[in-house]
Amino acid sequence: MDHLSMVEWARAQFAMTALFHFFFVPFTLGMSFVVAFFETIYVKTGKKEWKEITQFWQLIFAINFALGLSTGIIHEFEFGTNWSTYSWVVGDLFGAPLAVEGIIAFFMEATFAAISFFGWKRVSKGVHLASSWLLAIGSNLSALWILIANGFMQHPSNEFGNFNIDTSRLEMIDFWKLIVQPVAQVKFLHVVSAGYTLASIFVLGISAFYLLRKKHVEFAKKSAAVAAAFGLVSSIFVAVIGDEHAYEVANTQPTKIAAAEGLYVGEKGAPIVAVGIPKNLKATEVTSNDEAFAFKIELPHMLSILGKHGFNAYVPGLKDLINGNPEYGIWPLSKLAKIGQEARDDLKAYHAAKEAGDKAAMEKARNDFYSVVWTGPEGLKLRKADLIGYGFFEGKNPDLIHPPVPPVFYAFHIMVSLGFWFILLFIWAWVAVVKGSFENNTLLQKLAVLTVPLPWVATSFGWMTAEIGRQPWTVFGVLPTAESATPIALANVQATFFMFLAAFVILGIAELKILFTVVKHGPKGAH
Amino acid sequence: MSWAPFTVDATHFYLQVYFWIIVAVLGGLFLLMTFVQGGQSLFHTAKDEMEERAITNSLGRKWELTFTTLVLFGGALYAAFPLFYSVSFGGAYWVWMLILFGFVLQAVAYEYMNKEGNLLGKNVYKFFLYFNGIVTMLLIGAAVGTFFTGSNFSFDPVTKDVIWGTAKDGIDLRGLEAAIDFKHGAWFNLAFGVLLFAAARILGALWLINDIDNNEFPELIARIRKTIKTCFGVLVVALAIVLAGLLTMKGYAYDIHDPTGKITLEPGKYLHNLLSFGAIPLLLFAAGLVLFILGVLKTGFGNSNKGIWFSGLGIVLIGIVVFVIAGLFGTSFYPSYADLQSSLTIQNSSGSKYTLEVMAWVSVAVPFVLAYIVWVWYQMKKNGPITKEEIADPESHAY
């Protein structure tokens, strides 16, 4: 129990630092491009007002950039400090993209930030502009590598990873396949375009704030025009790629999509719950999807259409994923756990034989460990070794195998709802900008101001959907969260949790206070 | 003597050596970049706001590079030597957490300290920079010291489950024992911490003298120059202790040809390592030391402001040699004094051969990255040092 508590505290610490970091990441991804856009217009037109606009938004970007960087470094090392078993077992597959991020992206970001922030009078206009673009590209490349690493956690495949019986580790066997895995690629596009949307809403909202106050009117109109156009394209793209992302998740992490939609019992032509209040139930005790909600409004067939691309396609529920469903070839958890346990026994037998120098026994254990237990379409094969993580659940409560429904359901639905609101807002704003009415439309301006905090809510909930929805695994289907943590006394993790919480709260308040002061002063003398 | 083990995959071994050399180079470059931390310990030399802002702006344009080097150092260790990442970070928990905490505080301090509405006031942010410049450097130094003196852990060779604090005669403070457990080399670790801090402070002073306009800030430059002399004395004492320890202590050795990788204690191991490979490590170390001292003499005791380039190159060479003798030539780079056979070597803690091959290809990008860093550095420096006009200019994003 103590061990579980430690894992929960380690999770809480990681969630806290990740969420705090994720307040700044999408902003950086989007604002770096917004600043580059403004500077490009400045360089093209040579007009000083565009330089002023660029420098104002750059100042705001820089204030966020610092805290984003500082919270980011904790993450890289937190994998070692709090998740040392994870780091050892999957270090090849997870550490490699992080190292590539450092070499390819992070240095580009940090190096060209120096010119972009401090080089206005030290380098030529062209070099400065190129640096601002390289800063933006570096930031986004950084996200790519992080999401490749995260994509592996969401959907590890034996096409790029193999559990090595000799080293007892999951090792990389195909780097290219790791890079181009569809889960990571759609996730990357979804996250960066969400960042662009977030930054556009911020610029639009602050511009609307100035227009409502009748201050810095020309500055605000120009900023809003760029934000409306960038935001419109980005917000639509977020939804389109989000749909593709959901399709990937439905086919690779069925427990996550089932939890996100509160689907306990699998159905053909499964609906999406547009609005609902899910109950916190154990999947093994639910008999129908209706009893799982206190209230719900459904869109019929939509989950089958979006998740499986078929009007009447079957979508498994959490109960099917525990009890199995032979009609659709879904194995019960007990079978997966049994195979996983056998793999663990083979692993132990192999090392015992190795210790004893018994080559025949080693060979037998190895052959058993890598024996194929399932062959699917297109030659897809699953071996015992691929299911070793399920051995952890042998003899355990089967309800541990799925994520909790209410938090994943709410996080997912709030994110999607806000996404649709952002599209509407940007359509409205863009039309108003084109017609020249944005300056006088106070209702739209007020809504834009009120919307400013919402993309942070949406992106945070999106991240929570992805991470809580993957539970109880750190690497889906391979490494349980409970087996990933550092063996360390609880008090250490608690102490560092509060240490970082205090720092983040204080620095977060400081950041907001500086930000409000800068916005209050406006673009004149922004630096 | 054969340079590659004949009992294990030679390509894998060469890749392990290659990545340890990359780690050593990154470690050396990180030591150079700690001039930022060292400079942060020199705020007391500023006597008015303009002088203080000169220091802030000079260091504030470079802190991200130090930060990034540290991140890459961590990333390279994670990918190439994941067992070290797991054992050291998960084991010496508090050392690494406090180091990280220091970097979190540093990252915001530059951007926020001179901004209106910064909540905590300038002095608190300055304290953050001092903390990062002094405490973090001492901790990093002590952590590197354990590469030679060892740590208090053991692990299961099959599951690699790490247990920290298993030495019967040891202290378990999740890494912090490195500074207080004198039975297990705390004196060496502390001396290493002081050495690193003193070197960083000297580098910081050399950098500031080079980067701040000497004509506009003559008094500040004179005060900074004075600190080099005192700090150099501290450095010489710490260096003497570290060198004496290094050359006399028993090292954690293994035979690269032995597939079991059995660890033994070898008297004079690090001296042997310095003399290995045609004594190249010793020559590089000596060259680094001479360059470092030359930089100190030119700028600390003379009137030149170019000392940073000599001392900077010197510390990179010294840093590389320190890591090379810690991990190559059949040496355990992360030894355990609790259980000798749990000690980590480049061979028993590395990633798979395939991962290292892939990462080796990726490392081809490193020279390009270094090239554009140098180019950007040149671009930012070519128009001369930081002036009062630039600091006061509202368009210069000055801190």
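**Helix packing**

I looked up helix α4 (residues 125-154) of chain A and α6(A): their axes come within 8 Å and cross at roughly 135°. Axes here are lines fitted to C-alpha atoms, for helices over the stretch in contact, with angles from 0 to 180 degrees between N-to-C directions. Helices (H or I, at least four residues) and strands (E, at least two) are DSSP runs, numbered from the N terminus. This is a predicted model, in which local features need pLDDT of at least 70 and side-chain atom pairs count only at pLDDT 80 or more, while totals for chains, interfaces and linings use all residues. Residues are numbered from 1 along each chain as its sequence is written, and chains are lettered from A and ligands numbered from 1 in the order in which they are written.

α4(A) and α6(A) are therefore oblique to each other (under 35 degrees counts as roughly parallel, over 145 as roughly antiparallel, 65 to 115 as roughly perpendicular, the rest as oblique). I listed the residues that meet: from α4(A) they include A:Leu144 and A:Leu147, and from α6(A) they include A:Phe188 and A:Val191. The residues of this contact divide into 9 nonpolar, 4 polar and 1 charged. Ala, Val, Leu, Ile, Met, Phe, Trp, Tyr, Cys and Pro count as nonpolar, Asp, Glu, Lys and Arg as charged, and the others, Gly among them, as polar.

Next I took α6 (residues 182-212) of chain A with helix α14 (residues 442-451) of chain A; the axes come within 8 Å and cross at roughly 130°. α6(A) and α14(A) are therefore oblique to each other. Among the residues making the contact are A:Leu204 and A:Ala208 of α6(A) and A:Gln445 and A:Val449 of α14(A).

**Chain contact**

I found 67 residues of chain A in contact with 64 residues of chain B (C-beta atoms, placed from the backbone, within 7 Å). On the side of chain A that touches chain B, α3(A) gives the most, with 25 residues. By class, that side has 39 nonpolar, 21 polar and 7 charged residues.

**Backbone**

The peptide bond from A:Gln471 to A:Pro472 is cis, with omega near 10°. I placed A:Pro472 in the loop between α15 (454-468) and β9 (473-475) of chain A.

A:Lys214 is not a glycine, yet has a positive phi of about 60°. Is A:Lys214 buried or exposed? A:Lys214 is exposed, with 9 other C-beta atoms within 10 Å (buried means 20 or more, exposed 12 or fewer, partly exposed in between, with C-beta atoms placed from the backbone).

Technical notes:
Contact = placed C-beta atoms within 7 Å.
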